[in-house]
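This note is intended for a colleague meeting the structure for the first time. The points below may be read alongside the sequence and the model.

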Amino acid sequence: MNETGSRQDPWLPPLDPVTVELDVNDSLVTCTVEPRRTLADALRGAGLTGTRLGCEHGVCGACTVLLDGRPVRACLVLAVQARGSRIRTVEGLSGEREEPTGPGEYEGNGENGEPGGGARLSDVQRAFRDGGALQCGFCTPGFLMLAQGLLADEPDASAERVTDVLSSNICRCTGGVPIVSAVRAVQRARKEAGS
Amino acid sequence: MNHRTPSVGTSTPRRGVDDLLTGRARYAADLDRPGQVHVRVVRSPLAHGRIAALDTAEALALPGVLAVYTADDLPDVRIPVRLPFAETAETPPLLQPPLARGTVRYVGEPVALVVAEDPYTAEDAAELVDVDIDDLDVAATMAAATAEGAPRLHESSPDNTVSTVSLRHGDVEAAFSRADVVVRERLTMHRHTAVPMETRGLLAEYEPATGLLTLWGGAKVKHFTRQALGAMLGLGPERVRVVEVHVGGGFGVRGEPYPEDFLVPFAAMRLGRPVKWTEDRAEHFVATNHAREQEHEWEIAATSDGRLLAFRDRAWCDQGAYVRSQGILPGLLPALHAAGPYRWEAFAVDSTGVLTNRTPTGTYRGPGMTEATFARERALDLLAAELGLDPAELRRRNLIPAAAMPFAFDAPEQPHVPPVRYESGDFPASFETLLDAAGYEALTRERQRLRRSGRLAGVGLAPYVEIGAVGPFEEAFVEAADDGTFTVRTGVSSLGQGVETVLAQIAADALSVPFEDVTVDFSDTTAVPMGFGAFASRSTLLAGNAIALAARDLLAKAAAEVGGDPGEVRFDRGTVRGPGGATAPAGRLPAGHGRFDKPHPGFSFGAALSLVTVDAATGAVRVLRHAVLHDVGRAVNPELVRGQLAGAASQGIGGALLEELVYDEQGQPLSTSFGDYLMPTAADLPEIDVFVVEYPTPTNPLGLKGAGESGMVGTPAAVANAVADALGAAARPVTRLPLTPGNVRELLRGTPSPQATTVHP
Ligand code: FES
Ligand code: FES
């Protein structure tokens, strides 16, 4: 950090770095940030680059994370504001509801032929993959977290409600309709599985 | 998978998807190099002016700032044009310098570059660079730029135009004199662009010891970027390495060489530190290529029974303030697509690039063809209304019949104009397929039902042709390894298209090996010596055929080793076996090499069909059904191609209804955030019906045609025609996009536009 705190410029206040401890995906992440640093930048700076920045003004939703279970725009939250909250990012998503029908079936390098995979995908991730809900993948983590929050909060949301909530994020490649279909498929599958 | 089952034609799951789903995928902004520093571009706040003074002292004094560069620090270089046929005698003096030299010509033009230890500091320091600009008069629109006494943007162009592309076919005057009906209209497509969700980003590192420069993030036309940078930075191209990483959508704008593609490596070489740049969204809206802004004066001559005789298209295409790496394509591509899929006796097209004090333009998915299709298909619907003919019937009577293939208009050859030649396909049958499969009859019945219930509802159609397979060539190498795997190297790019999956399918079939054993490597310019990149729906076609040839070459080399014909050798778990039983380790074989040349581009057919309703009170348009059809020649991976078509159509609906890059009279951009530039979301879009037809072309061994843009091309036209149909004859005709609620209310309010003229000779 280059700020000295002794500068004379009246409009550039001292920006003394502070140390923040964040609870991210059930692990402790300690970072030293200026108070003005956003949560998105702090997470990315800590190596959690799955939280992406598409606009940094709160519209596109690429930076969506869960803060105490609620989807928020990490580009609009300061890192210091997230102290004391439970943060979930896309990196913490694999492993969620990963084996509803049997083990081994959802290995990332199985049918998908992916070299060096091995991550277990959650049911939401699998529904995105199988439903063509992503192309370039840049918006995907944000949509996954938004969907995750919605499915947990309102498991029985109507089709209109799902469309409504998911249209708060932008997907340039697919337009978002296949993402709505994928989330609807998760709703149906979870209902059938009785969960 | 049984390796005897062909992979081509199956919807093999796309590769690498898990990295995207888990957040592991690394895009440019996710990359870091030890010791890296960050840049911020200082941009012009004015649309036109002379730089009187540039004071960098205060910025330099900020702790953490390493350097501030202005044009004086740079060699006098320009970003070159990338395609030979898009370069004319007029373009060289109109090319953009990486930093403005003396004059600024659009808001957002780079004037200085700040380098700092931290991105936040770089941004702070950029605010401290004091740019003193003396205002010049602004040519904020094409009308202003071409008016008498307009302010001149560049010394070399007294009338603010670039080049005019003229196409002539047949005797236009004679055809018009025989016409029963002539329809004229001025049609305007608005400025909008690709807006991928990931902004641009670059990371450059220079190693003084080896003299090697590496640039991460440049994609789409890596090999050209390498050559251009090599020349501009005074390194040979062999000392520049361009590495593609994951990209968040390309759609034509990403990966072209931009000013920043020079500035970032330049700073890395000067400072001897890795340099990173991530564009922010507000910058993206003024810095990355804009597109689409054009005006077309269309005039059609027809007989009373609906036979098309001839047309004239006088087009003005906004180039913005400079000619960028795509040269005159903004004016050339619409000219090539004006005629479309119809059998005209004669036509005359003149398409002029106009310089304005706005962000320069380039190509956006379906470039030129989307604009030309909008203008032509809108004019055809006006003609259909005039003749009292069903719009589908008018098209049906005039589509080029299959028996006429291959078909060419007898326009004289010109150096900068590729021939308009349709190689193969059955336009009428494909068109009927769309009408049947999407249920044109049912849609028109649905329209009547909606109308009876008091709604404004309309159906719109738009057939088109799309250029693809732009050469000149691609190369590929196929290597076998002893562990039974194969590596394919090619010069195209992925750009989030799933191309690597499709190319692996082609290689697997050509080698008769399982798809899983093939990996495709194209991320790096060192992987293959030459390549032209991912544009104009060319990747699968050119690289695919090159790979098929390389695989054949590898089989021939194997046969030389183990005997027999190339068709008889078999690869089996790292061993190659000849028909006589002789074997050799596969890894010992030299790489197979293939090169596929495509001197002339091809064209393919498609069409879009839309059913919309309009809320008479608010002017809001809702697309209820939207169908797109395209002739892909041969679908290597049907699911992936359908996803591409549906995604492109969704973008087209956004372009028709929502998106616009608005400027004020002083050339100030008003759409610099997602609050002002409205992007379509799930709530604005229907599920897209996609129909893929396959009429393989004889001009390449795999029979492929391009498809990456096709869902786009007819979509704005079909939506516009549907809205016009919904508004009815009492409203003003739809002559410009986007059809925002405000613009639609205007149309509903007014008497027919004074511009619209229908002449009965
Ligand atoms: S980056 Fe946070 S909403 Fe776009
Ligand atoms: S998949 Fe590319 S933006 Fe959504």
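**Notes on the predicted model**

1. B:Lys276 is found in strand S12 of chain B, which covers residues 275-278. Helices (H or I, at least four residues) and strands (E, at least two) are DSSP runs, numbered from the N terminus. With a relative accessible area of 8%, B:Lys276 is buried. Here buried means under 20% relative accessible area, exposed over 50%, and partly exposed in between (1.4 Å probe, protein chains only). A polar atom of the B:Lys276 side chain lies 2.8 Å from the backbone oxygen of B:Ala29. Not counting residues up to four places away in sequence, B:Lys276 touches residues including B:Ala28, B:Asp30, B:Gln36, B:His38 and B:Leu202; contact means heavy atoms within 4.5 Å.

2. On conventions, this is a predicted model, in which local features need pLDDT of at least 70 and side-chain atom pairs count only at pLDDT 80 or more, while totals for chains, interfaces and linings use all residues. Residues are numbered from 1 along each chain as its sequence is written, chains are lettered from A and ligands numbered from 1 in the order in which they are written, and side-chain values use heavy atoms, with hydrogens and water left out.

3. Chain A has five helices and five strands. Along the sequence, these elements follow the pattern β-β-α-β-β-β-α-α-α-α. Of the 195 residues in chain A, 54% are buried. Among contacts in chain A between residues at least 6 apart in sequence, 54% join residues at least 24 apart.

4. The domain assignment of chain B gives domain 1 (17-25 + 471-597), domain 2 (31-136 + 202-247 + 254-287) and domain 3 (369-410 + 417-469 + 601-751); such bounds come from an automatic or database domain assignment. The centres of domain 1 and domain 3 of chain B, taken over C-alpha atoms, are separated by 37 Å. The contact takes 17 residues from domain 1 of chain B and 18 residues from domain 3 of chain B.

5. The largest nonpolar core has 112 residues, and B:Trp344, B:Leu383 and B:Tyr422 have the most contacts inside it. Domain 2 and domain 3 of chain B both give residues to this core, so it lies between them. A nonpolar core is a set of buried Ala, Val, Leu, Ile, Met, Phe, Trp, Tyr and Cys residues joined through side-chain atoms within 4.5 Å. Apart from this core lies another, of 55 residues, among them A:Ile170, A:Cys173, A:Ile179 and B:Leu661.

6. Leaving aside neighbours within four places in sequence, B:Tyr422 is in contact with residues including B:Gly340, B:Met405, B:Pro406, B:Phe427 and B:Phe603. The peptide bond from B:Met405 to B:Pro406 is cis, with omega near -10 degrees. B:Pro406 is placed in the loop between helix H11 (391-396) and strand S16 (407-408) of chain B. A further cis peptide bond runs from B:Leu737 to B:Pro738, with omega near 0 degrees. The loop between helix H18 (715-727) and helix H19 (741-749) of chain B holds B:Pro738.

7. Most residues other than glycine have a negative phi. B:Val195, however, has a positive phi, near 45 degrees, and lies in the loop between strand S8 (181-189) and strand S9 (201-207) of chain B. At 0% relative accessibility, B:Val195 counts as buried. B:Arg573 also has a positive phi, of about 45 degrees, and is placed in the loop between S22 and S23 of chain B. At 73% relative accessibility, B:Arg573 counts as exposed.

8. Strands S22, S23 and S24 of chain B form an open sheet in the order S22-S23-S24, with antiparallel pairing; two strands pair if DSSP finds at least two bridges between them. S22 (570-572) and S24 (583-585) stand at the edges with a single partner strand each, so one side of each is left without a neighbour in the sheet. Three bridges join S23 (residues 575-577) to S24(B), and B:Val576 has B:Ala584 as its bridge partner in S24(B).

9. Is helix H3 (residues 119-128) of chain B enclosed by the rest of the structure or exposed, and why? Seven of its ten residues are buried, so H3 is largely enclosed by the rest of the structure. Among the buried residues of H3(B) are B:Tyr120, B:Asp124 and B:Leu128.

Notes:
A polar contact is a pair of N or O atoms within 3.5 Å; within protein, one must be able to donate a hydrogen and the other to accept it, and residues adjacent in sequence count only if both atoms are side-chain atoms.
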